[in-house]
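Please walk through this structure with me, one part at a time. We start with a helix, then turn to domains, a sheet and the chain contact.

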Amino acid sequence: MTTLFDRLWDAHVVAPLDGGAALIAIDRVLLHERTGAAALNALSEAGRKVQDPARVFAIMDHIVDTLPGRTDRTLMPGGQAFITETRAAAQAAGITLFDVGHPDQGIMHVVSPELGIVLPGLTLIAPDSHTCTQGALGALAWGIGSSEAEHAMATGTLRLTRPKSMRATFSGQLAPGVTAKDMMLALIAAHGAGGGAGHVVEFAGEAVTALDLEARMTLCNMATEFSAFAGLIAPDEVTFAWLKGRRYAPQGASWDAALAQWRALRSDADAVFDAEIAIDASTIAPMVSWGTSPQASVPVTDAIPADASSAMLDYMALQAGAPLIGTPVDAAFIGSCTNARLSDLRRAAALLKGRKVAAGIRAICVPGSSAVRRAAEAEGLDRVFLDAGFEWRESGCSMCFFAGGESFGDGSRVISSTNRNFESRQGLRVKTHIASPETVAASALAGAIADARDWAHG
Amino acid sequence: MAEPFTTLTAIAAPLLRDNVDTDAIIPSREMKSTGKTGLSDGLFAGWRYLDAARTPNPDFVLNQPEHAGARILASGVNFGCGSSREHAVWALAEYGVRCILAQSFAPIFHGNCIRNGIVPVVLDREAIAALAGREVQVDLPAQTVRCADQCWTFAIEAEAKTMLLEGLDAIDLSLKHRDAIAAFHARDRAQRPWVYLEQNHG
């Protein structure tokens with residue numbers, strides 16, 4: 001009868017609170033430079049201490065430049081203060097810092113799994129909505145605001161009203177050329193950007209267990225675009241093999257003990273969820289967004305819906321009923337906590353190999369972490385991207401969002417492997433189409449939105 | 001610590017669209033300092049201003065005389081979706097907003113509202129349509145919203161209601177459970193020793 005979420009929740013109840021809420025133990029807190037200083041400084045100004053600094057990590061990812069040879073200086077006006085103040089506050093609090101230039105620097109949701117900071121069965125929070133990415137390892141991981149980050153660091157807990165549970169079951173097998181990104185866009189398009197509101201969504205089914213761990217992270221990453229409290233996948237042998245030997249994962253006898261507990265982290269066959277969604281994975285096609293919400297997405301081969309919102313169409317300068325394929329783009333971006341891991345870069349590079357991006361296209365690849373960058377370079381992927389006409393960057397969140405510094409041109413159209421297509425998200429009046437790294441690579445080659453399946457090397 | 005909330009009577013400024021995201025509420029480019037203040041000028045900047053000189057867009061609701069300085073907003077589905085930035089709530093609070101009436105809220109934004117004394121009220125589409133642009137009375141103890149001769153009740157978690165009504169500091173409240181927290185850690189450390197890291201492990 002018990003769900004995986006029930007097991008995670010029950011294992012972390014410190015004390016019941018009035019009205020059905022509970023004080024929940026928090027095992028890991030991650031901070032970044034965009035809000036880290038605000039949270040740490042507010043704590044110290046209130047005379048409070050970080051309760052267990054060894055379980056708090058700060059990572060420079062949000063506004064740090066990604067140009068080669070970067071320093072603390074940023075293209076974002078005033079950005080340097082976010083970096084220097086977060087560094088000073090992190091050092092004063094005694095928490096572990098992956099600073100600019102540190103070999104483990106990168107986007108927090110790429111770095112944390114790489115180092116085994118997140119583990120199955122943990123609770124992990126960060127003041128970043130894409131913290132749900134890390135639910136792919138069987139942890140209860142979710143984004144919070146600055147006040148909650150302060151609360152978690154000061155008390156080791158959060159006050160929570162228990163979310164509801166939902167299971168999204170992807171049955172069957174994905175067709176060739178269809179990815180975890182397409183699964184999530186298809187789910188959100190079908191059920192709405194608010195469809196998961198208030199629920200911890202467990203992703204299950206044959207098409208989910210068939211995904212490698214990096215693709216599972218892509219799936220859970222966009223749980224927040226579904227308005228879910230968190231995304232979750234039961235850990236299995238794929239998870240354990242991936243984690244073994246990582247720096248912060250248990251070692252030796254402790255690993256064996258952990259593994260015995262982690263194998264029980266699954267929903268019972270007769271588990272009852274508050275809501276269930278079923279999707280036939282074999283029917284999913286490569287998806288591209290056409291509007292300014294992730295729910296405004298369609299198969300790349302489809303036309304823009306006849307009943308599309310006119311406000312969205314006006315912003316995007318598109319017409320209802322028109323085909324998406326062939327829409328000219330100005331830029332292509334491969335990066336972000338959604339789709340910038342080694343497997344993402346490999347799949348994009350496989351399409352780019354021996355080809356050039358179309359004339360006039362600005363194409364940028366930003367590896368998800370410094371470790372991903374090194375691994376990609378070790379297998380020559382940097383050369384593939386550079387030879388194709390892509391910029392090859394240092395790691396960070398980069399142009400997933402516009403903080404007043406680097407941007408695509410005013411009003412330009414961008415095909416992007418990121419997670420949000422909101423108005424002006426990537427720059428003033430920029431029109432963002434979100435898609436898989438393959439679709440971004442193929443569109444960069446075509447100079448227009450393209451079906452990556454047409455660009456596969458024979 | 002937030003200002004306690006009991007009742008509020010004001011016009012509900014209509015922002016009648018779905019999926020109002022936190023990038024729209026406070027664009028990242030408007031988050032210029034590491035602090036929590038100085039944000040209200042950037043509130044809804046992309047919609048509120050026509051250009052870099054911040055010429056007001058006359059079509060945007062908060063630029064209309066009857067809605068300038070609005071204390072209550074009325075909106076659609078999934079309000080506050082997207083980025084977890086608490087700056088969105090800080091900007092709204094600094095502008096003067098104390099209550100948002102919407103069909104649903106994104107969970108992180110909802111939590112941020114509670115911590116900053118903004119009351120998130122969920123009402124159905126018909127109710128929102130009926131009260132948008134009109135004077136409403138929000139009564140948190142009674143969990144009602146009144147508009148002329150109509151009255152709707154709303155649900156809110158008991159924990160959230162208490163925090164809002166009393167403007168309580170959550171950290172102080174939770175630290176009263178210090179002994180339970182220590183007992184949990186002692187018990188849990190024996191069961192899951194790998195959770196507890198040594199400092200400077202890296």
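A residue counts as buried if 20 or more other C-beta atoms lie within 10 Å of its own, as exposed if 12 or fewer do, and as partly exposed in between, with C-beta atoms placed from the backbone. Helices (H or I, at least four residues) and strands (E, at least two) are DSSP runs, numbered from the N terminus. This is a predicted model: local features need pLDDT of at least 70, side-chain atom pairs count only at pLDDT 80 or more, and totals for chains, interfaces and linings use all residues. Residues are numbered from 1 along each chain as its sequence is written, while chains are lettered from A and ligands numbered from 1 in the order in which they are written.

Take helix α15 of chain A, residues 437-446. Ten of its ten residues are buried. Among them are Pro437(A), Glu438(A), Val440(A) and Leu445(A). What covers the buried residues of α15(A)? The cover includes strands β13 (287-289), β15 (331-334), β16 (362-365) and β18 (413-416), plus helix α12 (342-352), of chain A. Gly447(A) follows α15(A), with a positive phi near 75 degrees.

Now step back to the domains. Chain A is assigned domain 1 (24-155 + 237-259) and domain 2 (287-452); such bounds come from an automatic or database domain assignment. Their centres, taken over C-alpha atoms, are 27 Å apart. Domain 1 of chain A brings 24 residues to the contact and domain 2 of chain A brings 20. Two residues are in contact if their C-beta atoms, placed from the backbone, lie within 7 Å. On the domain 1 side, helix α4 (residues 108-115) of chain A gives the most, with four residues.

Next comes a sheet in chain A. Three strands form an open, antiparallel sheet in the order β1-β2-β8. Strands pair if DSSP finds at least two bridges between them. β1 (13-16) and β8 (157-161) of chain A are the edge strands, each pairing on one side only. Strand β2 (residues 21-25) of chain A pairs with β8(A) over five bridges. One bridge joins Ile24(A) to Leu158(A) in β8(A).

Finally, look across to chain B. There, 48 residues of chain B are in contact with 62 residues of chain A. Elements giving two or more residues to the chain B side include α1 (22-25), α6 (158-166) and α8 (178-191) of chain B. Which element gives the most to that side? α4(B) does, with five residues.
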